[in-house]
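Please open the structure in your viewer and keep the selection tool at hand.

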Amino acid sequence: MSGMTDAAAGIEPAIGLVPTEAKIARREMLGQLVRSKTFIAGAVLVGWWVFWAIVGARLTPDDPLEITDAILIGPGAGHWFGTDSLGRDVLSRVLAGASDTMKVAPLATLLGIVGGTTLGLITGYFKGWVDEAISRVIDAVLALPLIVIAVTALVALGSSNVTLIIVIGAVFTPIVARTVRAAVLGERELDYVSAAKLRGERAPYIMFAEILPNIIGPIVVEATVRLGYAIFAVAGLTFLGFGVQPPAPDWSLQIADNYTLLNAGTYEWTVLFPAIAIATLIVGVNLIADGLQQVLDR
Amino acid sequence: MSGRRASAAARRPGWRTVIARFLLNRLALSIITLLLLSVIVFAASQLLPGDVGRNVLGPFASPEDVAKFNHEHGVDRPVWTQYWDWISHFVRGDLGTSLQHNVPVGELLGPSLVNSLKLAAVAFVLVVPLSLLGGTVAALRRNRVTDRVITVTGLSLTAIPEFVTAIVLIVVFGVVLGWLPVSAAAPEGAGVFTQVEYLLLPSFALVAVLFGYIARITRAGVIEAIDADYTRTAYLKGLTPGRVVRRHVLRNSLLPTIAVVATQVGYLIGGLLVIEKLFNYNGIGQRIYIAAQAKDFTLLQSGVLIVGIVYLVATFVADLLFSLLNPRIRYGAAE
Amino acid sequence: MSEATAPVVTAQHALELDELDVVYRVRGRDRQVLRGVTLNVGRGEAYGLVGESGCGKSTAALAIVQYLPRNGFVRSGAIRIDGRDVLALSGAKLRRLRSESVSMVYQNPGAALNPSIRVGKQVAEVFSLRGVGRDEALGHAREALTTVQIADPGSVMERYPHQLSGGMQQRVIIAMALATDPALLILDEPTTGLDATVEAEVLDLVAGLQAELHTSVLFISHNLGVIAKMCDRVGILYAGRLVEEGATETVLNDPRHPYTVGLLRCVPRGGVRKDHGRLDTIPGFLPNLGEELPGCVFTARCPLVEQVCRAVEPPLIDLGSGHASRCHFHERAQSLPRVTAADLVLPAVDRSADPLLRFDDLGKVFKQQGHDVHALVGVSAAIWPGETLGLVGESGSGKTTLARALLGIVQPTSGAVTLDGRDLSGTLGGRSADEMRALQIVFQNPDSALNRRHQVRRILRRSLKKLAGTTGAAAEQRMLELMSSVRLAERYVSARPGQLSGGLKQRLAIARAFAGDPKLVVCDEPTSALDVSVQAAILNLLVELQAQQRVSYLFISHDLGVVRYMSDRIAVLYLGRLMELGPSEVIYSGPHHPYTEALLSAVPTIDGAERERIRLEGDIPSAANPPSGCVFHTRCPRFLGPICVEQEPPLVEVEQDHLMRCHIPLEELRELQAAGSPPARETVAP
């Protein structure tokens, strides 16, 4: 940055430091993370839902799947969040609704990250016609909104948690690949890559042992952002009927089941609370992503 | 000596030529991408399981009827013949016949596309100026309260799925307060203002989703311009801060935003399946979704390809704007 | 010494800094970057502020114009420009000060101009601030561009900054800076990064304008040679403190502070060669920014240090006629014990044997946007075992391309390279492991050359494994040996490059290059990114390694002083062609190629004896569109006539071991160059 000497930016021309300072630096980073308000807020939100995803229906006040006669009762003493059109307790359903999303989204993200990183490394490192060809294909695929691709694929493969993971992971791969490719392009011009070639290192070594460690930062940030989008995607697809299948008390299914009621009358609690639940989870994930990004950028 | 230089100057291409060459290049790339897309789309639709005839005619139709249907609609021909048939008609404007409804695809997609464009237009007009303003203000007040508020609000809103925001908006403005209609489809023959009124709620949901993202990119662009050496030069000349921002900073910071906005156009047109379903709106997203469920190949293929075309057109326009506004592309490097 | 008239110091100085303390707040702590700096710049005077990285010189410049970043502030002290208190100004008054009384020119002129606005409008902006109309402002802008010797201001004004060369951009910035005839002009490393010949022109321009306008100048640089040339007085800054000050000639010839003495001994000067009269180094490391330094700031590194130095901060002691030093023992400064090894004995290079490396007619053509860029054309030379071949040239000369072509990173389009008599494949893939270990490189920028995620141990062990085939316990042993041979302490073995200083990083890079016992190491500007005091240590190290291992070097640098110090023979490149090749001293003393002549005259030296400047008009031509005949003819100060335009001169051995590419016969060159520099040629349009 111009106008700012190294002093202002807090960058110290490092003097010869003793090696244990490396550990101190790492600890300082973790310390910064812990002190970052965004990170803490995000971690709390996500932690809450992870807890409920694991615990599930065991600790909810009522059985989330139990159908009763007490339909469409507004929020009150017996049912804090009211009941839905089948008499099911909304609070219990909201609390238990995290499970499937929390299983599918992280795995889909992982798939996307692994696939995308490999693809990004290959296209970014080799450039040439390999890069051109694959990039054209990626451009073509990304010309379509993801939901369109996902819906088409899920119709073809049928909807289940497994296919959901595969489809979302596959759709994320080109997106991650683009980010990774950009990072690789920046690194490959640096001299340590030339130095490695001059040692006779083979391409896979250079890609994975030399370049990859230097781009972990952006990949981690991308992974957390993707996780947010994965939850987003699972929610949307489930709402359309292609994602998690009933009778799981998934939030989007709750919204899908009950949103037509809004035309009939003010039964907003049936959809509002699941909506807020989705929102808090995704916002939590994004806050973590933001916190991480701030710390890793320094 | 000067003779050498003069002839060199004469040989230097004018900026119109440079841009024309650049755009031709992008156009060629777009067409290749488009062709590739058509192949991918076609292949994907072929992978949809189930027999077309069986799906349309139902499980009780006889095998002979199914075979006859398949033959009539040409789905039993070799794959490349079908592809060629489809694509050669497509470029001429004939999008094929819907297998499910037995009407020309164009008749079905046309109105849907128009609807999607209307919604996208309203959302666009709302979100772009708001995001530009928000991002710029956040950058100018970097790390202060205003910036934090704008950034965090944008971040949170963006993170929430559009249908969640839409639900909240519907509940608050549609059901509880009753200010705006809950459906996006205005009654037949409604005037422009009424149509816009109906489109406001879904547009607000879209604004919520996109604001944070575009504002963040804008903010980053403005910050980069503020930190640049040339801004320092401007200040040290003695210019007022207002003038520095207007004349020097903004010019250079808006370019990345154009690129980003263009990429969102595809989503705004074809990616709104969920919003369309919630608001009961006949957009192109809905059409595609229904076609996928019904295994209506022709409708599905053409619909998806149309969405792809819209996206590529948008990015091409963005490239055009970018090259016009960026002198480095117009004039190239020093001789 | 500048060419200005005798500096006129009036009662009112152009710039006064009075006990200036500047502090940055970083992560909650205050770091003091400038400590009680007091200096005055008189009217019409040029004052040089010298220091290495972290000394605070750029901070001083920013403080003067009140453009410190948000976390920087002046804790105490005063700044007065033209008698007015700068710190008391804000808003409109500050803007007026910036517009009328002080201007700044700094490094990287390309970034200092707005890329989206035409140059003419940017220059005119300075005038429209004064309230003149648009057309009148443009007229003034045109005049301003003429004063900086831009021949065709009209066309330059129509262009965008990226269409101008670096030298031209800097002229535009200077035009804008001097347009308002400010009382004070601040230059912060204005020519760093520019080619030697372009740098010389810009400096001449500044000196000339300064003399004409009687502007006071604050010239900030790390380059003592430039300061010696441009400034009447000089101040040496170390860790934010002014440690010595005085008339330039006095300070450079009679330094009275250990740091100044050490600094001067670090710079290669005439007559100093790598094997005798070797460079001194300053022990220790540059202090961290804002570090707490009780007592004298230089105690950690001073060989003269005693108890009183740690306890009491020395005041600025007046030594008479404006010369002052901040040292308790200033009278002993010049008998500073030397921190340098004794003279080395370098084994003589045996030229009767076969050369180690030979390249014949090497050519490389790059394709760039449809043009053919001839980066290298017909370059041939040989390097013998144990010798150092220096490679000199400006941007576009092809020196980096040549290095990469030899190493195999870039595949030559024509020509051949042989190592020990065997042909080397153009690509790395085609070379054997032995060939790869024999040819290694030390890059310019150690931050880029070392993988910042790998520990020192991993970097060295991997190189040992791939280049020398050593693994296991033997490798560990060898790694420690390598580290000690480059003076990299064992305790750094688990550190990552980011935790090491520039000098240590470069030592690591050298150790890595030597892991496989190479026969030839390409040194591509190995010290350009390092501070002066660190440079000397690295150069000494390279020479020691050469003595121990009989390794050859291809030493590339833009710094002619360093090249002369290190090289046995020197090759001069221009636009991808070899212009001259011969022993170091012959290249320096002459007779030499006109380009070499101009290049040598462009380098500012610390020594009083200076060559008369030969100005090269115009910019370096683009390699995509080289001039016909002799590629240097467009700028050659000894241009003969049509023959230079029509025919490219061949590379001819004009005397023993001395090759030259020029139509002028050697004897005639000898006469011409003894007679003095040639008259300037007519200016050329940009």
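Leu164(A), Ile168(A), Phe172(A), Val176(A), Thr179(A), Val180(A) and Ala183(A) in α8(A) meet Pro218(A), Ile219(A), Glu222(A), Arg226(A), Ala230(A), Ala233(A), Val234(A) and Leu237(A) in α11(A). Two residues are in contact here if their C-beta atoms, placed from the backbone, lie within 7 Å. By class, this contact has 12 nonpolar, one polar and two charged residues (Ala, Val, Leu, Ile, Met, Phe, Trp, Tyr, Cys and Pro count as nonpolar, Asp, Glu, Lys and Arg as charged, and the others, Gly among them, as polar).

The model is predicted: local features need pLDDT of at least 70 and side-chain atom pairs count only at pLDDT 80 or more, whereas totals for chains, interfaces and linings use all residues. Residues are numbered from 1 along each chain as its sequence is written, while chains are lettered from A and ligands numbered from 1 in the order in which they are written.

Now turn the view to compare the directions of the two helices. The axes of α8(A) and α11(A) come within 10 Å and cross at roughly 150° (axes are lines fitted to C-alpha atoms, for helices over the stretch in contact, and angles run from 0 to 180 degrees between N-to-C directions). α8(A) and α11(A) are therefore roughly antiparallel to each other (under 35 degrees counts as roughly parallel, over 145 as roughly antiparallel, 65 to 115 as roughly perpendicular and the rest as oblique). The crossing of α8(A) past α11(A) is right-handed; a crossing is left-handed if the near helix is turned anticlockwise from the far one by less than a right angle, and right-handed if clockwise.

**Chain A as a whole**

Next, select chain A. Its secondary structure comes to 14 helices and zero strands (helices, H or I of at least four residues, and strands, E of at least two, are DSSP runs numbered from the N terminus). Of the 298 residues of chain A, 51% count as buried; a residue is buried if 20 or more other C-beta atoms lie within 10 Å of its own, exposed if 12 or fewer, and partly exposed in between, with C-beta atoms placed from the backbone.

**Helix α9 of chain A**

Select residues 191–198 of chain A, which form helix α9. Seven of its eight residues are buried, so α9(A) is largely enclosed by the rest of the structure. Which residues of α9(A) are buried? They are Asp191(A), Tyr192(A), Val193(A), Ser194(A), Ala195(A), Ala196(A) and Leu198(A). Just after α9(A), Gly200(A) takes a positive phi of about 90°.

**Where chain A touches chain B**

Display chains A and B together. The contact takes 38 residues from chain A and 44 residues from chain B. On the side of chain A, α14(A) gives the most, with nine residues. By class, this side has 26 nonpolar, eight polar and four charged residues.

**Where chain B touches chain C**

Display chain C beside chain B. Here 24 residues of chain B are in contact with 27 residues of chain C. The largest share of the side of chain B, seven residues, comes from α10(B).

**Strands of chain C**

Four bridges join β18(C) to the parallel strand β19 (residues 520–524) of chain C, and Val442(C) stands opposite Cys523(C) in β19(C).

Move to the open sheet of four strands, ordered β14-β13-β16-β17 in chain C, with antiparallel pairing (two strands pair if DSSP finds at least two bridges between them). Its edge strands, β14 (371–383) and β17 (422–423), each pair on one side only. β16 (residues 414–419) and β17 of chain C pair over two bridges, and Leu419(C) stands opposite Arg422(C) in β17(C).

**Last stop: two helices of chain C**

Select α11 (residues 258–266) and α19 (residues 532–549) of chain C, whose axes come within 8 Å and cross at roughly 45°. That makes α11(C) oblique to α19(C). The crossing is left-handed.
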